[in-house]
Amino acid sequence: MKECIVGLAGNPNVGKTTVFNQLTGMHQHVGNWPGKTVERAEGHFDHDDTRFDVVDLPGNYALSAHSIEEIVSRDFIVDDDSDVIVNVVDAANLERNLYLTVQMMELGANLVMALNMNDFAKKKEHIIDIKLMAELLGFPVVEINAKNKDGFDELLSTVKKVANKHIDTTQKLVYGPELREHLGDLQALIEKDVNLTDVPAMWTAIKLLEKDAIVIEKVQKSKYSSQILRETDKVAAHLADIYNEGAEEVIANARYAFIDGLMNEAVSKPA
(Lines give C-alpha, C1' and ligand atoms only; values in the text may rest on other atoms or scores of the structure.)
Protein backbone atom coordinates (compact mmCIF):
# COMPACT_ATOMS: atom_id res chain seq x y z
CA MET A 1 0.00 0.00 0.00
CA LYS A 2 1.31 3.45 -0.95
CA GLU A 3 1.77 6.08 1.74
CA CYS A 4 0.93 9.75 1.48
CA ILE A 5 1.75 12.31 4.20
CA VAL A 6 -0.64 15.25 4.15
CA GLY A 7 -0.60 18.47 6.17
CA LEU A 8 -3.86 20.40 6.62
CA ALA A 9 -3.21 24.15 6.71
CA GLY A 10 -5.50 27.16 6.92
CA ASN A 11 -6.73 30.16 8.90
CA PRO A 12 -8.60 29.55 12.16
CA ASN A 13 -12.33 28.76 11.74
CA VAL A 14 -12.29 27.59 8.12
CA GLY A 15 -13.42 24.03 8.89
CA LYS A 16 -9.91 22.54 8.82
CA THR A 17 -10.37 20.47 12.00
CA THR A 18 -13.76 19.28 10.71
CA VAL A 19 -11.99 18.03 7.57
CA PHE A 20 -9.39 16.31 9.78
CA ASN A 21 -12.05 14.62 11.94
CA GLN A 22 -14.11 13.54 8.92
CA LEU A 23 -11.05 11.97 7.29
CA THR A 24 -9.42 10.26 10.27
CA GLY A 25 -12.44 9.43 12.46
CA MET A 26 -11.30 7.37 15.44
CA HIS A 27 -7.79 6.83 14.00
CA GLN A 28 -6.21 9.92 15.48
CA HIS A 29 -4.09 10.94 18.41
CA VAL A 30 -2.98 14.22 19.92
CA GLY A 31 0.50 14.86 21.27
CA ASN A 32 2.87 17.83 21.21
CA TRP A 33 5.25 18.98 18.51
CA PRO A 34 8.77 17.83 19.49
CA GLY A 35 10.23 20.27 22.02
CA LYS A 36 7.18 22.56 21.80
CA THR A 37 4.08 23.14 23.90
CA VAL A 38 1.90 23.32 20.77
CA GLU A 39 -0.58 20.48 20.30
CA ARG A 40 -0.01 18.16 17.31
CA ALA A 41 -3.06 16.25 16.06
CA GLU A 42 -2.40 13.46 13.59
CA GLY A 43 -4.37 10.55 12.24
CA HIS A 44 -4.56 8.10 9.37
CA PHE A 45 -7.02 6.38 7.06
CA ASP A 46 -6.97 4.18 3.95
CA HIS A 47 -8.54 5.18 0.66
CA ASP A 48 -8.34 2.94 -2.43
CA ASP A 49 -4.72 1.73 -2.49
CA THR A 50 -3.26 4.48 -0.29
CA ARG A 51 -2.63 4.97 3.42
CA PHE A 52 -2.98 8.67 4.21
CA ASP A 53 -1.17 10.06 7.27
CA VAL A 54 -2.71 13.43 8.11
CA VAL A 55 -1.34 16.18 10.35
CA ASP A 56 -3.68 19.03 11.37
CA LEU A 57 -1.40 22.09 11.45
CA PRO A 58 -2.19 24.99 13.81
CA GLY A 59 -4.61 27.58 12.37
CA ASN A 60 -2.53 30.53 11.14
CA TYR A 61 -3.01 33.77 9.23
CA ALA A 62 0.65 33.97 8.19
CA LEU A 63 3.94 32.06 8.18
CA SER A 64 6.30 34.54 9.79
CA ALA A 65 8.37 33.73 12.87
CA HIS A 66 6.13 35.78 15.15
CA SER A 67 4.45 32.90 16.96
CA ILE A 68 5.32 29.35 17.88
CA GLU A 69 2.28 28.12 15.86
CA GLU A 70 3.54 29.81 12.71
CA ILE A 71 7.05 28.38 13.20
CA VAL A 72 5.68 24.86 13.77
CA SER A 73 3.59 25.06 10.58
CA ARG A 74 6.34 26.31 8.35
CA ASP A 75 8.88 23.87 9.79
CA PHE A 76 6.47 21.05 8.90
CA ILE A 77 6.16 22.34 5.33
CA VAL A 78 9.93 22.81 4.97
CA ASP A 79 11.49 19.97 6.95
CA ASP A 80 8.97 17.16 7.39
CA ASP A 81 8.54 14.80 4.49
CA SER A 82 5.01 15.90 3.69
CA ASP A 83 3.86 14.93 0.19
CA VAL A 84 1.01 17.45 -0.07
CA ILE A 85 -0.32 20.41 1.91
CA VAL A 86 -4.10 20.72 1.70
CA ASN A 87 -4.94 24.39 2.17
CA VAL A 88 -8.50 24.56 3.58
CA VAL A 89 -10.05 27.96 2.81
CA ASP A 90 -13.35 29.66 3.54
CA ALA A 91 -14.87 30.48 0.13
CA ALA A 92 -16.90 33.33 1.67
CA ASN A 93 -13.71 35.04 2.99
CA LEU A 94 -11.37 34.09 0.21
CA GLU A 95 -9.34 37.29 0.10
CA ARG A 96 -8.28 37.07 3.75
CA ASN A 97 -7.53 33.34 3.45
CA LEU A 98 -5.32 33.76 0.39
CA TYR A 99 -2.64 35.65 2.34
CA LEU A 100 -1.56 32.37 3.96
CA THR A 101 -1.88 30.55 0.62
CA VAL A 102 0.50 33.00 -1.03
CA GLN A 103 3.09 32.51 1.73
CA MET A 104 2.90 28.74 1.28
CA MET A 105 3.46 29.27 -2.47
CA GLU A 106 6.60 31.30 -1.64
CA LEU A 107 7.71 28.36 0.49
CA GLY A 108 7.35 25.98 -2.47
CA ALA A 109 4.70 23.84 -0.73
CA ASN A 110 3.09 21.13 -2.87
CA LEU A 111 -0.46 22.45 -2.62
CA VAL A 112 -4.08 21.49 -3.17
CA MET A 113 -6.77 23.98 -2.18
CA ALA A 114 -9.94 22.66 -0.50
CA LEU A 115 -12.58 25.33 -1.00
CA ASN A 116 -14.97 24.98 1.96
CA MET A 117 -18.08 26.93 3.06
CA ASN A 118 -19.24 27.43 -0.53
CA ASP A 119 -22.89 27.71 0.56
CA PHE A 120 -22.00 30.90 2.50
CA ALA A 121 -20.17 32.28 -0.53
CA LYS A 122 -23.20 31.58 -2.72
CA LYS A 123 -25.50 33.31 -0.19
CA LYS A 124 -23.27 36.38 -0.51
CA GLU A 125 -23.50 35.93 -4.33
CA HIS A 126 -19.76 35.38 -4.65
CA ILE A 127 -19.25 33.37 -7.84
CA ILE A 128 -15.82 31.69 -7.93
CA ASP A 129 -14.45 30.46 -11.25
CA ILE A 130 -12.68 27.42 -9.83
CA LYS A 131 -10.97 26.41 -13.08
CA LEU A 132 -9.54 29.90 -13.60
CA MET A 133 -8.53 30.18 -9.92
CA ALA A 134 -6.57 26.91 -10.21
CA GLU A 135 -4.92 28.13 -13.42
CA LEU A 136 -3.82 31.43 -11.86
CA LEU A 137 -2.55 29.76 -8.67
CA GLY A 138 -0.83 26.93 -10.54
CA PHE A 139 -2.28 24.11 -8.41
CA PRO A 140 -5.65 22.30 -8.12
CA VAL A 141 -8.67 23.79 -6.37
CA VAL A 142 -11.41 21.40 -5.20
CA GLU A 143 -14.84 22.41 -3.88
CA ILE A 144 -15.75 20.56 -0.66
CA ASN A 145 -18.30 20.61 2.14
CA ALA A 146 -16.49 19.62 5.35
CA LYS A 147 -19.74 18.93 7.23
CA ASN A 148 -21.19 16.32 4.87
CA LYS A 149 -17.99 15.22 3.07
CA ASP A 150 -19.15 16.42 -0.37
CA GLY A 151 -16.17 16.60 -2.71
CA PHE A 152 -13.92 14.42 -0.48
CA ASP A 153 -13.44 11.71 -3.13
CA GLU A 154 -12.32 14.30 -5.65
CA LEU A 155 -10.08 15.93 -3.03
CA LEU A 156 -8.33 12.63 -2.20
CA SER A 157 -7.81 11.59 -5.83
CA THR A 158 -6.40 15.09 -6.51
CA VAL A 159 -4.07 14.81 -3.49
CA LYS A 160 -2.80 11.46 -4.83
CA LYS A 161 -2.09 12.97 -8.26
CA VAL A 162 -0.31 15.99 -6.79
CA ALA A 163 1.78 13.80 -4.44
CA ASN A 164 3.43 12.26 -7.49
CA LYS A 165 4.45 15.51 -9.17
CA HIS A 166 5.87 18.51 -7.40
CA ILE A 167 4.59 21.79 -8.87
CA ASP A 168 6.77 24.90 -8.58
CA THR A 169 4.16 27.48 -7.60
CA THR A 170 6.74 30.24 -6.95
CA GLN A 171 6.68 30.83 -10.73
CA LYS A 172 3.02 31.91 -10.53
CA LEU A 173 3.63 34.70 -8.02
CA VAL A 174 3.57 38.07 -9.76
CA TYR A 175 5.22 40.67 -7.53
CA GLY A 176 5.86 43.51 -9.95
CA PRO A 177 9.09 44.07 -11.95
CA GLU A 178 10.91 46.20 -9.34
CA LEU A 179 10.58 43.73 -6.46
CA ARG A 180 11.04 40.70 -8.74
CA GLU A 181 14.31 42.07 -10.15
CA HIS A 182 15.87 42.75 -6.75
CA LEU A 183 14.61 39.48 -5.28
CA GLY A 184 16.25 37.85 -8.30
CA ASP A 185 19.65 39.41 -7.49
CA LEU A 186 19.39 38.16 -3.93
CA GLN A 187 18.19 34.71 -5.04
CA ALA A 188 21.20 34.29 -7.31
CA LEU A 189 23.55 34.79 -4.33
CA ILE A 190 21.54 32.44 -2.10
CA GLU A 191 21.58 29.73 -4.80
CA LYS A 192 25.39 29.68 -4.72
CA ASP A 193 25.21 27.79 -1.42
CA VAL A 194 23.77 24.31 -1.79
CA ASN A 195 23.01 24.26 1.97
CA LEU A 196 20.47 27.04 1.44
CA THR A 197 18.58 25.40 -1.43
CA ASP A 198 16.42 23.00 0.61
CA VAL A 199 13.75 25.71 0.27
CA PRO A 200 13.11 28.05 -2.70
CA ALA A 201 15.70 30.84 -2.80
CA MET A 202 12.82 33.26 -3.38
CA TRP A 203 11.42 32.42 0.07
CA THR A 204 14.82 32.85 1.77
CA ALA A 205 15.27 36.21 0.00
CA ILE A 206 11.83 37.40 1.14
CA LYS A 207 12.43 36.25 4.71
CA LEU A 208 15.79 38.05 4.84
CA LEU A 209 14.08 41.26 3.74
CA GLU A 210 11.42 40.67 6.40
CA LYS A 211 14.22 40.37 9.00
CA ASP A 212 13.20 36.83 9.95
CA ALA A 213 15.55 35.87 12.82
CA ILE A 214 15.46 32.11 12.11
CA VAL A 215 16.36 32.55 8.43
CA ILE A 216 19.05 35.15 9.19
CA GLU A 217 20.65 32.72 11.66
CA LYS A 218 20.67 29.98 9.01
CA VAL A 219 22.22 32.30 6.40
CA GLN A 220 24.90 33.44 8.88
CA LYS A 221 26.28 29.87 8.76
CA SER A 222 26.80 30.10 4.99
CA LYS A 223 30.25 30.81 3.54
CA TYR A 224 28.53 33.46 1.41
CA SER A 225 26.81 35.05 4.41
CA SER A 226 28.57 38.44 4.24
CA GLN A 227 27.76 38.79 0.52
CA ILE A 228 24.11 37.73 1.02
CA LEU A 229 23.52 39.98 4.04
CA ARG A 230 25.22 42.94 2.33
CA GLU A 231 22.97 42.48 -0.71
CA THR A 232 19.91 42.19 1.60
CA ASP A 233 20.73 45.57 3.18
CA LYS A 234 21.30 47.09 -0.26
CA VAL A 235 17.96 45.81 -1.61
CA ALA A 236 16.10 46.90 1.55
CA ALA A 237 17.58 50.42 1.29
CA HIS A 238 16.71 50.58 -2.42
CA LEU A 239 13.09 49.51 -1.83
CA ALA A 240 12.77 52.07 0.98
CA ASP A 241 14.05 54.78 -1.41
CA ILE A 242 11.57 53.88 -4.13
CA TYR A 243 8.46 53.07 -2.12
CA ASN A 244 9.09 55.16 0.98
CA GLU A 245 8.23 52.09 3.06
CA GLY A 246 10.18 49.32 4.79
CA ALA A 247 10.87 46.09 2.88
CA GLU A 248 8.30 44.19 5.00
CA GLU A 249 5.51 46.57 3.92
CA VAL A 250 6.65 46.45 0.29
CA ILE A 251 6.46 42.63 0.32
CA ALA A 252 3.08 42.59 2.11
CA ASN A 253 1.72 45.07 -0.46
CA ALA A 254 3.04 42.90 -3.31
CA ARG A 255 1.23 39.88 -1.86
CA TYR A 256 -2.01 41.82 -1.51
CA ALA A 257 -1.69 43.16 -5.07
CA PHE A 258 -1.30 39.57 -6.36
CA ILE A 259 -4.38 38.52 -4.32
CA ASP A 260 -6.37 41.50 -5.66
CA GLY A 261 -5.50 40.47 -9.20
CA LEU A 262 -6.64 36.89 -8.48
CA MET A 263 -9.92 38.05 -6.96
CA ASN A 264 -10.64 40.48 -9.82
CA GLU A 265 -10.12 37.78 -12.42
CA ALA A 266 -11.59 34.68 -10.78
CA VAL A 267 -14.33 35.94 -8.44
CA SER A 268 -17.39 38.01 -9.23
CA LYS A 269 -19.31 39.69 -6.40
CA PRO A 270 -22.46 41.81 -6.38
CA ALA A 271 -21.84 45.54 -6.80
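A cavity here is a set of points, on a 1 Å grid over the protein atoms alone, where a 1.4 Å probe fits but cannot get out. A volume is the space filled by probe spheres set on the points, which are joined across faces, edges and corners.

Now the model. It is predicted, so local features need pLDDT of at least 70 and side-chain atom pairs pLDDT 80 or more, while totals for chains, interfaces and linings use all residues. Residues are numbered from 1 along each chain, and side-chain values use heavy atoms, without hydrogens and water.

Start with the sheet. It is open and has 7 strands, in the order β2-β3-β4-β1-β5-β6-β8, with mixed pairing. Strands are DSSP runs of E, at least two residues; helices are runs of H or I, at least four; both are numbered from the N terminus. Two strands pair if DSSP finds at least two bridges between them. β2 (28-32) and β8 (141-143) are the edges. Each has a single partner strand, so one side of each has no neighbour in the sheet. From one strand to the next, the twist averages 25°.

Look at β3, residues 39-47. β3 pairs with β4 in the antiparallel sense, over 7 bridges. Phe 45 has Phe 52 in β4 as its bridge partner.

Next, a helix on the sheet. α6 lies across β1, β3, β4, β5, β6 and β8, and runs at about 165° to β6. Axes are lines fitted to C-alpha atoms, for helices over the stretch in contact, and angles run from 0 to 180 degrees between N-to-C directions. Contact means heavy atoms within 4.5 Å.

So where is the empty space? The search finds 2 cavities of 30 Å³ or more. Which residues line the largest cavity? They are Val 6, Leu 8, Leu 23, Phe 45, Phe 52, Val 54, Val 86, Leu 155, Leu 156 and Val 159; lining residues have an atom within 4 Å of a point. α6 gives the most, with 3 residues. By class, the lining has 10 nonpolar, no polar and no charged residues. Nonpolar means Ala, Val, Leu, Ile, Met, Phe, Trp, Tyr, Cys and Pro; charged means Asp, Glu, Lys and Arg; the others, Gly among them, are polar.

The second largest cavity is about 40 Å³. Its lining has 7 nonpolar, 3 polar and no charged residues.

Key. On a 1 Å grid over the protein atoms alone, a cavity is a set of points where a 1.4 Å probe fits but cannot get out, and a pocket is an open set with protein on both sides within 12 Å along at least five of seven lines; lining residues have an atom within 4 Å of a point.
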